[in-house]
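This report looks at the pockets of one protein and at the packing of one of its helices.

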Amino acid sequence: MHKRLIVFLMTLCFSFTQSYSSGFSIYEQGTKSMAMAGAFVAQANDASAIFYNPAGITSLKGWNVALGGTIIQPQAHFIGPTAKDPNLYNAAKKETFFPPHLYVSYAMNEKLSLGLGVYAPFGLASDWGKDWPGKYLATRSELEAVFINPVVAYKVMENLSVSVGFEYAIAKVNLQKVVNYPIRNVDVYSTLEASTTGMGFNLGLQYKVTERLTFGAAYRSNVLLEFKDGDATFDYPALDANDPEQQVILAELKALFPNTKGSADLELPTLTAVGIAYDFTEKLTAEFDYLLIGWSSYDVLKVEFKDPVGGKTETISERKYQNSASYRFGMEYRLNEKLALRAGYMRDNHAVPDERVEPSLPEGDRNIYNIGFGYKMGNITFDFAYMLLLQDDREITNSVDDFNGKYESLANLYGLTIGYAF
């Protein structure tokens with residue numbers, strides 16, 4: 001009776017989609033780095049280093065301010081479900097998202113620098129519509145997560161800098177789907193809205209091995225998001241107030257699906273990044289980065305409700321996400337003091353096991369291609385980037401939700417950051 005309802009409860013709080021690193025993380029937090037496929041941990045030589053490797057801000061002089069964002073235009077399709085029609089084509093609604101970023105750094109002296117970053121490293125959304133075959137798994141899913149990150153960086157030696165930072169996260173979710181009441185074969189539309197805050201820390205290291213060779217490393221801790229007393233609401237179908245039988249059905253629905261409060265915890269993953277940058281000439285720099293995102297922290301999801309929903313006040317679901325690796329290569333060629341050309345390639349590996357892939361998070365392995373340029377006008381810098389994300393088709397045959405089929409996805413991303421140094 002409650003099979004679809006139990007699936008709903010188990011995914012109610014935290015299923016997000018269309019993110020641009022593995023899982024639901026977004027690594028495009030600076031346009032210069034974005035043009036080089038995010039291979040920036042070693043270079044870290046503009047204000048966006050506050051995100052990628054804050055130790056790098058010790059190389060910046062005076063005040064540096066950078067403001068920008070990334071336009072993200074995803075496209076997602078699902079072919080199936082296999083059990084219904086293996087050729088059925090379903091397209092998510094096309095939307096545009098714009099996660100912004102703001103960075104400020106200040107060199108107190110030759111050794112000590114301070115910085116502040118505001119950015120959105122997790123999130124985005126999907127909308128499959130209310131009438132598609134997967135409506136009992138997800139219709140619309142949204143996440144907004146903004147991090148406020150003050151950092152301190154110190155030059156221990158002329159060629160060695162280290163940093164430490166504090167992260168304060170503000171997160172909000174809005175998740176919608178359809179729930180079926182099988183006894184009456186009636187659908188109810190459900191919505192969960194919740195918000196919370198969390199805290200973490202980040203570390204960075206930058207070491208100039210030689211004049212041409214630089215090594216960088218960065219670490220971001222887990223951030224625990226404790227969603228408490230979120231609003232779980234249900235829209236009941238329009239029934240005839242003059243029909244006693246339909247009013248009995250409505251009473252049953254309200255008793256089984258009461259508007260109530262829901263709580264759950266989500267631990268955002270760690271991020272470990274190492275990179276090596278090499279200056280082949282005075283004009284050409286190349287960098288290779290390796291990232292490991294600790295998605296294994298998302299192992300079990302426990303949801304608690306203030307009032308019973310479907311006769312249950314608690315559900316426990318195994319998520320079994322896997323740590324995922326990302327390989328990134330980028331290059332910058334400085335034509336002159338004003339103009340720099342950039343390009344990069346990255347390979348992202350998936351975090352969600354085959355059997356756990358579902359419409360709210362249809363991620364997979366990705367090949368990502370990047371180009372861009374930077375232009376200086378006095379103290380002002382303009383950085384532009386374009387990213388083409390091509391996700392490998394992912395055909396699911398062992399879904400725990402009994403929703404097998406093929407997921408296809410791609411995205412176009414456009415970045416712009418304006419920087420000012422004084």
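## Second largest pocket

A pocket is here an open set of grid points with protein on both sides within 12 Å along at least five of seven lines, and its lining residues have an atom within 4 Å of a point. In this predicted model, the second largest pocket is lined by 22 residues, of which Gln-43, Ser-59, Gln-206, Lys-208 and Thr-214 lie nearest its centre, and the space in this pocket comes to about 400 Å³.

Strands 5, 6, 7, 11 and 15 each contribute at least two residues to this lining, which by class divides into four nonpolar, nine polar and nine charged residues.

## Largest pocket

The largest pocket holds about 650 Å³ of space, and among its 28 lining residues Lys-32, Asn-45, Asp-46, Lys-376 and Thr-381 are those nearest its centre. Nine of the lining residues are nonpolar, nine are polar and ten are charged.

At least two lining residues come from each of strands 1, 15, 16, 17, 18 and 19, with strand 19 (405–421) giving the most, namely four residues.

## Helix 4

Helix 4, which runs over residues 244–256, has 13 residues and spans 18 Å from its first C-alpha to its last, close to the 18 Å expected at 1.5 Å a residue. Its buried residues are Ile-249, Leu-250, Leu-253 and Leu-256; seen down the axis of helix 4, these fall within an arc of 135°, so they line one face of the helix.

These buried residues pack against strand 6, strand 7 and strand 13, whereas the face of helix 4 turned away from the buried side carries the exposed residues Pro-244 and Ala-255.

Note on methods: Residues are numbered from 1 along each chain as its sequence is written. This is a predicted model: local features need pLDDT of at least 70, side-chain atom pairs count only at pLDDT 80 or more; totals for chains, interfaces and linings use all residues. Side-chain values use heavy atoms; hydrogens and water are left out. On a 1 Å grid over the protein atoms alone, a cavity is a set of points where a 1.4 Å probe fits but cannot get out, and a pocket is an open set with protein on both sides within 12 Å along at least five of seven lines; lining residues have an atom within 4 Å of a point. Grid points are joined across faces, edges and corners, and a volume is the space filled by probe spheres set on the points. Ala, Val, Leu, Ile, Met, Phe, Trp, Tyr, Cys and Pro count as nonpolar, Asp, Glu, Lys and Arg as charged, and the others, Gly among them, as polar. The expected span of a helix is 1.5 Å times one less than its number of residues. Buried means under 20% relative accessible area, exposed over 50%, partly exposed in between (1.4 Å probe, protein chains only). The arc is that of the directions from the helix axis to the C-beta atoms. Contact means heavy atoms within 4.5 Å.
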